[in-house]
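Please read it alongside the sequence and model shown here.

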Amino acid sequence: MNKKLMMTALKNISRNKRRSILSAVAIAVAAMSIVMLFAMIAGMSNDMEYNLKNYYTGNIQIQHRDFEEYERYNPVHLTVDWDAIAPVLGSIDGVEAYTPRINFPVSIYIDEETHGALGVGVDLEQEAAYNKDIEAIVYDGRLPAAGQNEIIMGGLLANNLGLAIGDRVTLLSTTAARGTNAITVELVGIASYPVTNMNASTFWMPLGRAQYFLKMDGGVSNILIKTAEDAKEKDLIPVIGEALMQTTGTEFDIQAWTDLNVMYGFLKIAQYIYYFMGVFFFLLGSTVIINTTMMVIFERMREIGTLAALGMHGKELVRLFLLEGMFISTIGSFFGVTLGVVFTNILSRVGIDFTDALSGMDFEMSSILYPEVNVPITIIVFFYAIAIASLATLIPSKKASRIEPVEALRYI
């Protein structure tokens, strides 16, 4: 493509600004939409991964080998020995941190009425080493003290129950001996858990008091493991299993976080669906270019006839229209991607509040979502937008190249 042809293409673009702007805007909107769409997906995926690893399963979770089979029956009697397992985990390379948990449903007795909730027994010292945000989740009051009958409660749950700092409530639950027990605790902190469902249903209490309340004799429901950045969960699981077998003589259920959460798997599948949607958006934007260019052919008959009469035929006309499409799509794609990144960065700071939308849903996504720019996808979007829009001009370009000069000049 020679310089003269490029200059002709640029002149054609500037000659009809309205037409060129319309075409560029179509590409820009498509590119911006896809950049922001994938930023949302990246934000959702990373947010869910963070929540799962820190509040639900860890990178790797250890529990009784029969726990998953009977989980729906609240098998608090199917425990693992925290005191025996903790020293083993501390000696395994690739294990960065670990913390025990006890999950137990309770009825909260207030004013002669009972309300359902989910209790979580946590070792606050281990939790601080495992989750660096542990202090930040308490926005009113303080964390419960080890060995004390104290709890922190999700803000929505506390509000629904009409509780405030200093109030005392009675908890009722089934023990590991399959009996019933009650304990009175003091609310010392209001928590803002990142997940809406946790805020509406969950409270934390010291691990030792939960074990006493549930008569678990030092056992815990599960142990969450955070792995080092360079460690692979799939490779570490058999190492942990073998080390625990040699030390305790017991086989445990040890699984990676990706195998424990069905919703995260659905989200990863959804990403491929969104890739298809991205292609669809670009094709949709390209149809605007195709239609616009095809209409322009008839508007530019005199110009085409003149060019053909001067000796520009076939491939040269195709190149001319291809260059015009390439220049317009480059401009449109650049502004579209730039706007998408700018808007995403703004949203990544202020967040998008999904509290009402996620209310009542058991979904491990934070109530406030912060989109994240997906750099590789953004680069692909930029070049793909240019390519698809440029190639879209081939159809009308070839049509234009077949117009005879005599036929075109009749429009003069």
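Axes are lines fitted to C-alpha atoms, for helices over the stretch in contact, and angles run from 0 to 180 degrees between N-to-C directions. This is a predicted model, in which local features need pLDDT of at least 70 and side-chain atom pairs count only at pLDDT 80 or more, while totals for chains, interfaces and linings use all residues. Residues are numbered from 1 along each chain as its sequence is written, and side-chain values use heavy atoms, with hydrogens and water left out.

**Overall content**
- The protein has 16 helices and 14 strands; helices (H or I, at least four residues) and strands (E, at least two) are DSSP runs, numbered from the N terminus.
- Of its 412 residues, 49% count as buried, where buried means under 20% relative accessible area, exposed over 50%, and partly exposed in between (1.4 Å probe, protein chains only).
- Contact means heavy atoms within 4.5 Å. Among contacts between residues at least 6 apart in sequence, 79% join residues at least 24 apart.

**Helix 3 and helix 8**
- Helix 3 (residues 82–90) packs against helix 8 (residues 233–248) at about 130 degrees, and the axes are 10 Å apart.
- That angle makes helix 3 oblique to helix 8; angles under 35 degrees count as roughly parallel, over 145 as roughly antiparallel, 65 to 115 as roughly perpendicular and the rest as oblique.
- Helix 3 contributes Ala84, Ile85, Val88 and Leu89 to the contact, and helix 8 contributes Ile240, Ala243, Leu244, Thr247 and Thr248.
- By class, this contact of helix 3 with helix 8 has 7 nonpolar, 2 polar and no charged residues. Ala, Val, Leu, Ile, Met, Phe, Trp, Tyr, Cys and Pro count as nonpolar, Asp, Glu, Lys and Arg as charged, and the others, Gly among them, as polar.

**Helix 1 and helix 12**
- The axes of helix 1 (residues 3–15) and helix 12 (residues 315–350) come within 9 Å and cross at roughly 55 degrees, and the two helices are therefore oblique to each other.
- Their crossing is right-handed.
- Residues of helix 1 including Leu5, Met6 and Ile13 meet residues of helix 12, among them Arg319, Leu323 and Phe327.
- The contact of helix 1 with helix 12 has 9 nonpolar, 2 polar and 3 charged residues.

**Asn199**
- Asn199 lies in helix 6 (residues 196–201) and, at 9% relative accessibility, counts as buried.
- A polar atom of the Asn199 side chain lies 2.7 Å from the backbone oxygen of Tyr193.
- Not counting residues up to four places away in sequence, Asn199 touches Gly154, Gly155, Leu156, Leu157, Ala191, Ser192 and Tyr193.

Notes:
Left-handed = near helix turned anticlockwise from the far one by under 90°. Polar contact = N/O pair within 3.5 Å; in protein donor to acceptor, adjacent residues only side chain to side chain.
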